[in-house]
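Open the model in your viewer and keep the sequence panel beside it. The tour goes from one selection to the next and says what is there.

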Amino acid sequence: MRAPAVLAPGILVLLFTLVQKSCGECKEALVKSEMNVNMKYQLPNFTAETPIQNVVLHKHHIYLGAVNYIYVLNDKDLQKVAEYKTGPVLEHPDCSPCQDCSHKANLSGAVWKDNINMALLIDVYYDDQLISCGSVQRGTCQRHVLPRSNTADIQSEVHCMYSPQADEEPGQCPDCVVSALGTKVLLSEKTRFINFFVGNTINSSYHPDHSLHSISVRRLKETQDGFKFLTDQSYIDVLPEFRDSYPIKYVHAFESNHFIYFLTVQRETLDAQTFHTRVIRFCSVDSGLHSYMEMPLECILTEKRRKRSTREEVFNILQAAYVGKPGAHLAKQIGANLNDDILYGVFARSQPDSAEPMNRSAVCAFPIKYVNEFFNKIVNKNNVRCLQHFYGPNHEHCFNRTLLRNSSGCEVRSDEYRTEFTTALQRVDLFMGQFNQVLLTSISTFIKGDLTIANLGTSEGRFMQVVVSRSGSSTPHVNFRLDSHPVSPEAIVEHPLNQNGYTLVVTGKKITKIPLNGLGCEHFQSCSQCLSAPPFVQCGWCHDKCVQLEECPTGTWTQEICLPTIYEVFPTSAPLEGGTMLTICGWDFGFRRNNKFDLKKTKVLLGNESCTLTLSESTTNMLKCTVGPAVNEHFNISIIIANGRGTAQYSKFSYVDPIITSISPSYGPKTGGTLLTLNGKYLNSGNSRHISIGGKTCTLKSVSDSILECYTPAQTTPTEFPIKLKIDLANREMNSFSYQEDPIVHAIHPTKSFIRHVNIALIQR
């Protein structure tokens with residue numbers, strides 16, 4: 001597939017540096033040789049009326065949950081096929097959920113509220129149905145039964161999922177599911193029933209009669225008109241006195257084998273100002289949440305220091321997560337099997353004493369089996385702490401506790417209680433600090449061959465695809481500005497093993513369909529960049545472009561050989577004596593084996609003579625070499641670069657004989673400061689030039705081919721000194737400069753004058 005592309009208007013600031021530094025030299029060549037991150041692509045997309053919160057796929061249709069709307073799109077080109085309006089909703093304290101409040105519109109307390117989509121789920125156990133839960137009507141849900149003949153029809157049969165019961169406990173509302181402050185809902189079929197696992201952010205604005213719970217498990221009634229708690233232990237709440245000071249943000253929820261997992265960001269302790277990430281785990285069949293455990297997760301970057309010490313940087317705030325399988329290469333690197341579930345997370349460093357992220361990110365992979373093993377290993381250690389935000393510091397569970405649980409299984413006992421472990425499970429940043437200047441906000445993964453590929457989104461609306469590997473530093477093979485809004489953590493990967501696989505990416509009001517097999521090849525501007533793209537992208541070098549095979553009808557299309565390219569050389573001339581350091585800008589100078597840069601086979605020739613390469617200062621984009629001497633002047637000499645795979649030629653270099661033909665003025669005061677002009681030929685050749693008078697430096701002011709200007713140094717006695725010019729290894733001497741006594745002022749006449757005109761005569765000796 002080839003995606004048509006045009007240059008984006010304006011200049012985009014690069015998110016991070018993925019190329020070798022060149023000390024400010026060869027900047028233009030560096031830009032031209034790297035991937036063009038300013039490209040735009042024509043991709044299927046849809047823009048809603050309001051911001052999109054959730055997206056699900058079902059039978060060739062895409063369902064979007066947005067503010068006040070639910071949309072249905074086809075999965076081919078994202079054209080809208082249906083919509084359903086969910087808000088704004090008129091609410092009044094005397095109205096129960098699902099009740100028509102229109103007759104109370106003019107009463108005190110009536111408020112129109114936008115309906116933010118907090119959860120969007122597909123259930124296929126009872127019927128094919130879409131379940132939508134919003135921020136209004138106490139967080140209740142609606143179900144849209146989808147006719148088998150037309151699964152895009154979300155309007156024909158809509159049911160409100162609320163059924164108050166007289167025998168409920170006071171303040172209980174199992175049908176109040178989601179919080180407008182933030183929620184994660186996981187639907188799971190268990191033993192012929194549908195269970196909803198819910199994590200809610202709550203604060204003091206939620207009164208007890210609202211009955212929203214921090215974390216809970218509830219069952220969908222067989223009548224499907226609401227939910228029920230199986231026991232009075234089916235929910236846990238942050239105590240009222242801590243709800244404002246101890247917020248819990250539920251970032252992600254997933255199921256793996258026999259366990260349910262929630263990922264949160266919260267304060268380290270009740271009294272701490274610092275935040276961290278936790279993983280919560282309990283058995284999926286544990287309706288009383290007795291098996292509830294939680295512990296910190298840390299994504300770290302380690303840096304080796306002198307004297308064997310190691311600096312460790314913790315990326316403490318989870319931004320987004322995704323659970324997928326590993327490719328064979330990554331599985332081997334992280335000690336996992338191909339069928340293991342892997343939790344991929346993008347983490348950020350937070351602002352001090354805050355949960356607000358900085359533009360500094362890392363990516364870590366946690367095999368779920370390691371998470372479970374870690375829980376098992378630490379269960380009987382002395383790092384167990386009572387969950388005080390749930391129980392309070394004086395609860396009986398916080399004293400004289402004994403750990404009865406076999407944490408490796410799901411056999412639960414009613415006398416067990418929920419536990420927090422303080423030891424963090426750590427993993428190392430997979431990209432070794434590569435994203436230390438960007439805020440990553442989204443991640444999903446897929447497998448191509450033996451490779452694991454990550455889709456990454458940023459707070460600046462940029463989308464990237466990059467190979468996930470712990471060996472070497474992978475650079476994104478797709479990197480472009482998708483939108484001006486942040487990329488949402490809600491991402492879907494569909495048909496990853498198929499040639500037509502794609503990911504759905506949400507940015508603000510917009511959803512975009514992006515192919516998994518790359519976006520063509522033209523954004524690779526150099527051969528080595530082109531050939532370093534993953535194999536499944538199928539890019540090769542044709543003449544001077546990176547294209548797919550079918551786009552190279554004539555000529556040689558290669559995936560193996562890169563010839564060097566010279567973009568610029570400076571200086572373009574050197575004195576006959578040599579010694580000039582030549583800087584050659586371009587790309588593909590080095591020989592690459594296993595994607596590692598190597599200059600050992602690279603040679604530079606000036607005509608037939610070798611230019612001695614300085615390996616320590618050379619890169620794949622810039623070569624530094626020192627030219628030797630020449631007997632006679634030569635113009636337009638060919639510079640030839642050979643890198644073991646081919647050669648490149650540049651014919652704009654000359655050997656010249658710099659000369660000084662005259663100087664002006666020929667004398668000046670001994671205190672110096674006279675602006676001296678040297679006229680001649682080839683005065684700007686070589687790298688450096690130094691003018692001295694009587695062994696002292698004449699400070700350069702300007703340089704051109706025929707003129708040098710400098711300020712004379714001071715001398716102690718009035719006499720003549722020779723002028724010497726040194727250009728690299730060339731030395732030239734001519735004419736003398738005469739120093740004379742400094743002028744002396746005896747008197748000034750007149751001593752005063754009108755404001756508008758002054759005429760002063762100097763009387764000199």
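**First stop: C527 and C562**

Select C527 and C562: C527 is buried, and C562 is buried as well. The model you are looking at is a predicted one. Show the side chains of the pair, and you will find a disulfide joining C527 to C562, with 2.1 Å from S to S. A disulfide is a covalent bond between the sulfur atoms of two cysteines. Turn the view to look along the S-S bond of C527 and C562; the torsion there is -85°, and the link is left-handed. Now colour by secondary structure. C527 sits in helix α5 (residues 527–531), whereas C562 is in the loop between β39 (557–558) and β40 (565–570). The two cysteines are 35 residues apart, and the pair links distant parts of the chain.

**Second stop: C611 and C625**

Next, select C611 and C625. Are these two cysteines buried or exposed? Both C611 and C625 are buried. They form a disulfide with their sulfur atoms 2.1 Å apart. The angle about the S-S bond of C611 and C625 is 90°, and this link is right-handed.

Move on to C299 and C364, which form a disulfide with sulfur atoms 2.0 Å apart. Which parts of the chain does this pair link? C299 belongs to strand β22 (residues 293–304) and C364 to strand β26 (residues 357–367); these are distant parts of the chain, with the cysteines 65 residues apart. The torsion about the S-S bond is about 85°, so the disulfide of C299 and C364 is right-handed. Why does C299 count as buried? Its relative accessible area is 0%, and buried means under 20%. C364 also has a relative accessible area of 0% and is buried.

To see every such bond, select the sulfur atoms of the cysteines: a search of the whole structure finds 12 disulfides.

**Last stop: G508**

Finally, select G508, in the loop between β35 (502–507) and β36 (510–515). G508 is partly exposed, with a relative accessible area of 24%. Which residues does G508 touch, leaving out those up to four places away in sequence? They are P51, I52, H485 and P486. Draw a distance from G508 to P51: the C-alpha atoms are 5.1 Å apart in space, while the two residues are 457 residues apart in sequence.

Conventions. Residues are numbered from 1 along each chain as its sequence is written. This is a predicted model: local features need pLDDT of at least 70, side-chain atom pairs count only at pLDDT 80 or more; totals for chains, interfaces and linings use all residues. Side-chain values use heavy atoms; hydrogens and water are left out. A disulfide is a pair of cysteine sulfur atoms within 2.5 Å. Helices (H or I, at least four residues) and strands (E, at least two) are DSSP runs, numbered from the N terminus. Buried means under 20% relative accessible area, exposed over 50%, partly exposed in between (1.4 Å probe, protein chains only). Contact means heavy atoms within 4.5 Å.
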